[in-house]
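Colleague: I am new to this structure and would like to learn how to read it. Could you take me through some features, one by one?

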Amino acid sequence: MKIAMVSEHASPLAALGGVDAGGQNLHVAELSAALCRQGHQVTVYTRRDSRTSPEETTAADGYRVVHVPAGPAEQLPKDELLPYMGEFAEFLRAAWERDRPDIVHAHFWMSGLASVLAAARSSLCVVQTFHALGAVKRRHQGAEDTSPPSRIRLERMIAQRVDRVIATCSDEVFELVRLGMPRSRASVVPCGVDLDSFRADGPRAARGAAHRVVTVGRLVPRKGFDTTITALRSLPDTELVIIGGPGKGELVGDPEAQRLRGLADVLGVSDRLHMVGQVPRADMPALLRSASVVACTPWYEPFGITPLEAMACGVPVVAGAVGGLIDTVVDGVTGSLVRPRDPHRLASAIRSLLSDPVMRERYGIAGRDRVSARYSWDRIATDTLRAYRRANPAAHRPSESAAQ
C-alpha cells in the first residue's frame with residue numbers, strides 16, 4: 001500500500017524536546033517505520049522549515065520524507081502556520097496527481113485541513129489523527145490558548161469530512177462525538193513503544209539520592225512540572241530529574257525553566273531539582289531505569305508516551321488521571337492515578353511507592369507485561385492498517401500478501 005503521512009509541523013526527523021517537537025514527531029516516525037517493516041511504502045510530508053533541508057530524503061527506517069515549501073523556510077511556532085496551509089495543500093494535490101497514494105493519514109488538525117483540501121477533487125481516502133483537540137486545549141488554557149480562533153470550527157469540519165478518525169485514547173472519542181462526529185467513524189489506536197530500546201534490563205544512569213523521581217516533557221506549563229516540584233517538598237531523600245526543553249546550556253534563558261527553578265527556590269528544594277534539558281534519545285532508557293518512580297502530571301494529555309516508556313523499562317508510574325493516561329496506566333496494577341494539579345495527592349502516591357520496594361517491583365513487572373502485549377509499534381501498525389481497511393477496503397487488499 002502507498003501511504004501518504006501528512007505532518008505539517010512535526011517532522012519525523014526533528015530532535016525531540018523543543019517547543020513544538022515531541023510526541024507527534026515520534027509517533028509519525030515510529031509508525032512510518034513499522035509500516036515500512038510490514039512491506040508498505042510510506043511518504044511523510046512535512047513543512048520545510050530550513051533553507052538547508054533537502055527537497056526529499058529517505059530515513060534510515062525506509063520511509064521517504066518530503067519537505068513541503070509552504071511559507072518561509074524557517075522555524076515558526078505551529079500556531080502561526082495556518083495561513084500557509086493553502087500553499088501546503090496545493091503542493092500535496094500536485095504531488096498526489098503525479099503519484100496517487102492508496103490512503104492519506106493526516107496528523108494534527110492543520111495537516112487534516114491541508115489533506116482534505118488536497119484530496120477534494122481526487123476522492124482520495126483521508127484518515128485523521130488529531131493528537132490534540134482545540135476544544136480541550138481551550139478548556140484548560142483559556143485566555144492563554146494561542147491557537148487560531150478558527151481551530152475548533154475547522155476541527156469540527158475535518159472530523160465530519162474525513163473518511164475515518166484514529167483517536168489515540170477513548171477520552172478523545174468522547175470529545176469528537178461532542179464535535180458532531182458519529183462514534184462509528186472512530187477507531188482507537190494508541191501510541192507505541194520501541195521495545196528493543198526501552199526494556200527493563202540495561203544500564204542505569206547514576207543518581208545522587210536514595211530515591212529518584214523522573215519526569216519528561218516539553219517545558220510548557222500544561223505539563224505540570226510545578227505540581228511535581230511542589231510534591232518534592234514532602235518527599236525526603238528524593239531527587240527530581242526533569243528531562244526536556246532546550247539543551248542544558250540554553251535552559252538558563254528559557255522562561256519556563258526560570259519559573260520552575262524559582263518555584264524550587266521558594267519551596268527550598270532547589271538542591272534536589274535537576275533540570276537536564278534535551279537529551280539524546282539513546283540516553284532515555286538509562287535515565288528512566290534510574291528512577292524509583294516516573295511521574296507524569298500534566299493538566300491534560302491527549303496520550304502521553306512517557307508512561308509507556310517507563311513501564312517498558314519496568315518502572316512504576318504515578319500519573320494524573322487525564323486523557324490518554326487513564327487508558328495506559330492501570331491504577332493499582334502498573335502504577336497510580338491521581339487527581340491532576342494536586343501536589344498533596346501526588347506526593348502521597350509517590351511516597352507509598354518509595355516506601356514499598358515490593359510494590360514497586362510488582363508494578364514494574366506488570367507494566368512491562370502490559371506494554372509488551374499491547375503497545376509495540378508493530379502491533380500499533382497492525383491496528384492502524386485495520387483502521388485504514390475500514391476507511392478504504394479496496395486500497396488495502398493488494399497489500400495483504402506483501403505485509404505477510
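Predicted model: local features only at pLDDT ≥ 70, side-chain atom pairs only at ≥ 80, totals over all residues.

Colleague: Is Cys125 buried or exposed?

Modeller: Start with the cut-offs. Buried means under 20% relative accessible area, exposed means over 50%, and partly exposed is in between (1.4 Å probe, protein chains only). Cys125 has a relative accessible area of 6%, so it is buried. Cys36 has 16% relative accessibility and therefore counts as buried.

Colleague: Now helices. How do I read a packed pair?

Modeller: Two packed helices are described by the angle between their axes and the distance between the axes. Helices (H or I, at least four residues) and strands (E, at least two) are DSSP runs, numbered from the N terminus. Axes are lines fitted to C-alpha atoms, for helices over the stretch in contact, and angles run from 0 to 180 degrees between N-to-C directions. Take helix H2 (residues 85–98) and helix H3 (residues 109–119): their axes come within 8 Å and cross at roughly 50°. That angle makes H2 oblique to H3. Angles under 35 degrees count as roughly parallel, over 145 as roughly antiparallel, 65 to 115 as roughly perpendicular, and the rest as oblique.

Colleague: What is the handedness of the crossing of H2 and H3?

Modeller: Right-handed. A crossing is left-handed if the near helix is turned anticlockwise from the far one by less than a right angle, and right-handed if clockwise. Contact means heavy atoms within 4.5 Å. Here H2 contributes Met85, Phe88, Ala89, Leu92, Arg93 and Trp96, while H3 contributes Met110, Leu113, Ala114, Ser115, Leu117, Ala118 and Ala119. By class, the contact of H2 with H3 has eleven nonpolar, one polar and one charged residues. Ala, Val, Leu, Ile, Met, Phe, Trp, Tyr, Cys and Pro count as nonpolar, Asp, Glu, Lys and Arg as charged, and the others, Gly among them, as polar.

Colleague: At what angle do the axes of H1 and H14 cross?

Modeller: At roughly 80°, for helix H1 (residues 23–37) and helix H14 (residues 377–391), with the axes coming within 9 Å. That makes H1 roughly perpendicular to H14. Among the residues in contact are Leu26, Glu30 and Ala34 of H1 and Trp377, Ala381 and Tyr388 of H14. The contact of H1 with H14 divides into eight nonpolar, two polar and three charged residues.

Colleague: How many residues of H7 are buried?

Modeller: Helix H7 (residues 225–232) has eight of its eight residues buried, so look at what covers them. The buried residues pack against strands S9 (211–216), S10 (238–243), S11 (273–277) and S12 (293–296), and against helices H8 (255–267) and H12 (343–354).

Colleague: How do H7 and H12 cross?

Modeller: Their axes come within 8 Å and cross at roughly 60°. H7 passes H12 in a right-handed crossing. Thr227, Thr228, Thr230 and Ala231 in H7 meet Pro343, Leu346 and Ala347 in H12. The contact of H7 with H12 has four nonpolar, three polar and no charged residues.

Colleague: Where is Arg360?

Modeller: In helix H13 (residues 357–374). Arg360 counts as buried, at 18% relative accessibility. Leaving aside neighbours within four places in sequence, Arg360 is in contact with Ser292, Val293, Pro316, Leu353, Leu354 and Ser355.

Methods. Residues numbered from 1 in each chain as written. Heavy atoms only, no water.
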